Structure formats: structure tokens, C-alpha cells
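Trainee: I would like to go through the labels attached to this model and ask what each one rests on. Can we take them one at a time?

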Amino acid sequence: MTGLLDETAHRILAAGDPWPALEEAGLTLVGVPEEAGGSGGGLEDAAVLLRAAGYHGAAVPLAETGWLAGRLLAAAGLGVPAGPLTVALPGAGGRLRRVPWARSARRIVVLAGGAVTVVDRADVEIVEGANVAGEPRDEVVLASASGEGVPAPVPPEELWRWGALARAVQLTGAMRRALDLAVRHAGEREQFGRPIGRFQAVQHLLAEAAGEVVVADVAVRAAVRAPDDPLAVAAAKAGASRAAGVVASVAHQVHGAMGVTGEHPLRTVTSRLWSWREEFGDEHHWAATAGRLLGDRDPWVALTETGTVTGE
């Protein structure tokens, strides 16, 4: 079943405007219970979609709609409305800063003051912004009365962890694509009469990137299987964010100047690596968090117990 989902996700997300097809296939709400209006399935199924979206650099609010907003609404006992969704945590003065895809969302799910409130996009003021990849990261100004909320099923820090894990999954997909592009380019680009992939220095770079991709993927998959384990999520996001910088750097070194233009597919994924590695906490934030969670425990024992190192 996972293989079919993965194949379908890649086929749809490789298209120029995948959102209509994702909605038609019911893939925007995978991981959200059917009784809440979702498509059912678990987080591992939802991760298949996020990984594919990251691989293709798809400009869609997939993580925001299902993984974040949909799950939050379902946990709060609320139905999930149709259309693209996003989530927001409170900012000073009623402003919600850097809300992902706010201008594209039909509803904005706000977690503030111990309550969950669903806000119609038409009822708020949007100040447009963007991350390095050009994805909307908008400022939202709420009206004085934004509607009645229901008690929040999770605290803000848990929703933050949900977001961190979602970005970690997306990072692993984007890293895999950057590595694939670099390997292909190394096999096609010739210098001194032979492909640059035959040069030992290039081989070492690609091996380094491949190792980073595999290690990050193992940790992230382990965290997806244990999303309620704060240490597993912290280790996954810290590792994925750190690896993203290495993989992006290697991929651009292998491509040389060719990969830096906006039209090149490598730039599409590496700009997301640079953006997503910092969103919902960068590697320094989550490494410090992991350190606090570990306390006096032996790090190796703690990480192997969670399966973060072994992937079990």
C-alpha cells in the first residue's frame, strides 16, 4: 500500500500545479481521521506524501493542511473544512508572524490562549512575506473578535514539535533530490575527457552527502514512528537541519555555477533546504533541546532506546 501511495504521490507532485490533483485524490488530509473529515491513515502514510513533496520542491501547503491544521482540528473535536489550511501561533499585539501559506489558505487555525480558533481567510489582514524559497510566510492581523474557540488539545510547544517533524520529513525528501541531481550531473558533466564523477575528490563529496542523507532519513523515520517522543523529534530535526546545509553545499559544489540560477531544479530544492532547516527551530535549537531532555542519561543509550540511531 505504501509503495502505491509513494508512486501516486511522486506522479502528482512532479506536476506544475499538483494541488487540484492532490485534493481530488484525497491526499491533502492523509493522516487525519476519517470521522473528522480526513482521509484516514497514519503519520507514516502522511510522511510518504511530505517526503515526495520535498523531493519535488512542490509549492503546496501539504504539511500545513493535513499534518498540522487537520490533525489539530481533529484532536480538538472539530471537523476539517475543505480547501487548503494553515496554522498559526500567537504573536505580539494580535499579529501572527511568518504564517506559512496564509494568503493561500481558506481557513487559518489559530492556537492561542489555550484555545483553538478557526479563522476565515477573508476576515483577516494579510501582510505578504516569503522565505528564501519564495514560499509564502505571511503576517496575519486578526480582527478584534476572531470567533469563539474550543479548548486546545495540545499546548503550543507540542504543535511546534509537530511542525518540526513535518519540516524534517520534507528536508529528507529535498536532500534526496539534491543528491540525485548531483550524482546525475557528475555522471554527465565532462572535464579533461571524462565525467567529473570519476574524479576522486568529487566521489568523496558525493559519498559525504549520501551518508548525510541516509543518517538523517533513519532518524526522521524513527521519529515519525514515535511522534510523541520529544527526544526522537528533537534528534530528528537537529540532524536533518544540520545535514541539509551539508547536502546543499555539496550539491552546489558538484554543479558549479550551473546550479545557482533560479530556473535550475537544484536551486528549487536547495532554497527549500536553506529555508526549512530553520523553520520550527534550527539545528542549534533542537540540539540544545535534546541536551536538556537527555539530562544525565547516556546519549547513546537514550538514542538507541528510541530507535533514532538504529531506525528500528
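Trainee: How many aromatic pairs are there, and by what rule?

Mentor: Rings of Phe, Tyr and Trp (its six-membered ring) pair if their centres lie within 6.5 Å. By this rule the count is two aromatic pairs. This is a predicted model, in which local features need pLDDT of at least 70 and side-chain atom pairs count only at pLDDT 80 or more, while totals for chains, interfaces and linings use all residues. Residues are numbered from 1 along each chain as its sequence is written, and side-chain values use heavy atoms, with hydrogens and water left out.

Trainee: Why is the pair of Phe192 and Phe199 called edge-to-face?

Mentor: The ring centres of Phe192 and Phe199 are 6.4 Å apart and the planes stand at 75°. Planes under 30 degrees apart count as stacked, over 60 as edge-to-face and the rest as tilted. The angle is 75°, so the pair is edge-to-face.

Trainee: Is Phe192 buried or exposed, and how do you know that?

Mentor: Buried means under 20% relative accessible area, exposed over 50%, and partly exposed in between (1.4 Å probe, protein chains only). Phe192 has a relative accessible area of 78%, so Phe192 is exposed.

Trainee: Where is Phe192, and what is its phi?

Mentor: Phe192 is in the loop between β8 (190–191) and β9 (194–195); strands here are DSSP runs of E with at least two residues, and helices are runs of H or I with at least four, numbered from the N terminus. Its phi is near 55°, a positive value in a residue other than glycine. Most residues other than glycine have a negative phi.

Trainee: What is the phi of Phe280, and why is Phe280 called buried or exposed?

Mentor: Phe280 has a phi near 60°, also positive in a residue other than glycine. Phe280 sits in the loop between α8 and α9 (283–294). Its relative accessibility is 14%, so Phe280 counts as buried.

Trainee: What makes the direction of α3 relative to α4 worth a label?

Mentor: The axes of helix α3 (residues 43–56) and helix α4 (residues 62–75) come within 9 Å and cross at roughly 155°. Axes are lines fitted to C-alpha atoms, for helices over the stretch in contact, with angles from 0 to 180 degrees between N-to-C directions. Angles under 35 degrees count as roughly parallel, over 145 as roughly antiparallel, 65 to 115 as roughly perpendicular and the rest as oblique. Therefore α3 is roughly antiparallel to α4.

Trainee: Which hand does the crossing of α3 and α4 have, and which residues meet?

Mentor: The crossing of α3 and α4 is left-handed: a crossing has that name if the near helix is turned anticlockwise from the far one by less than a right angle, and is right-handed if clockwise. With contact taken as heavy atoms within 4.5 Å, Leu43, Ala46, Ala47, Leu49, Leu50 and Ala53 of α3 meet Leu62, Ala63, Trp67 and Arg71 of α4. These divide into nine nonpolar, no polar and one charged. Ala, Val, Leu, Ile, Met, Phe, Trp, Tyr, Cys and Pro count as nonpolar, Asp, Glu, Lys and Arg as charged, and the others, Gly among them, as polar.

Trainee: How do α3 and α6 cross, and which classes of residue make the contact?

Mentor: The axes of α3 and helix α6 (residues 200–225) come within 9 Å and cross at roughly 145°. The crossing of α3 and α6 is right-handed. Leu43, Glu44, Ala47 and Arg51 of α3 meet Asp217, Arg221, Val224 and Arg225 of α6, and by class there are three nonpolar, no polar and five charged.

Trainee: Why is Ala52 called buried?

Mentor: Ala52 lies in helix α3 and has a relative accessible area of 1%, so Ala52 is buried. Leaving out residues up to four places away in sequence, Ala52 touches Ala9, His10 and Leu13.

Trainee: What makes α7 and α9 roughly antiparallel?

Mentor: Helix α7 (residues 230–255) and α9 pack at about 150°, with axes 8 Å apart. That angle is why α7 is roughly antiparallel to α9. The crossing of α7 and α9 is left-handed. The contact includes Pro230, Leu231 and Ala234 of α7 and Trp286, Ala287 and Ala290 of α9; by class it has nine nonpolar, two polar and three charged residues.

Trainee: How do you know whether Ala240 and Thr270 are buried or exposed?

Mentor: Ala240, in helix α7, has a relative accessible area of 0%, so Ala240 is buried. Its contacts beyond four places in sequence are Ala168, Leu171, Met175, Ala216 and Val220. Thr270, in helix α8 (residues 265–276), is at 0% relative accessibility and therefore counts as buried. With residues up to four places away set aside, Thr270 touches Ala248 and His252.
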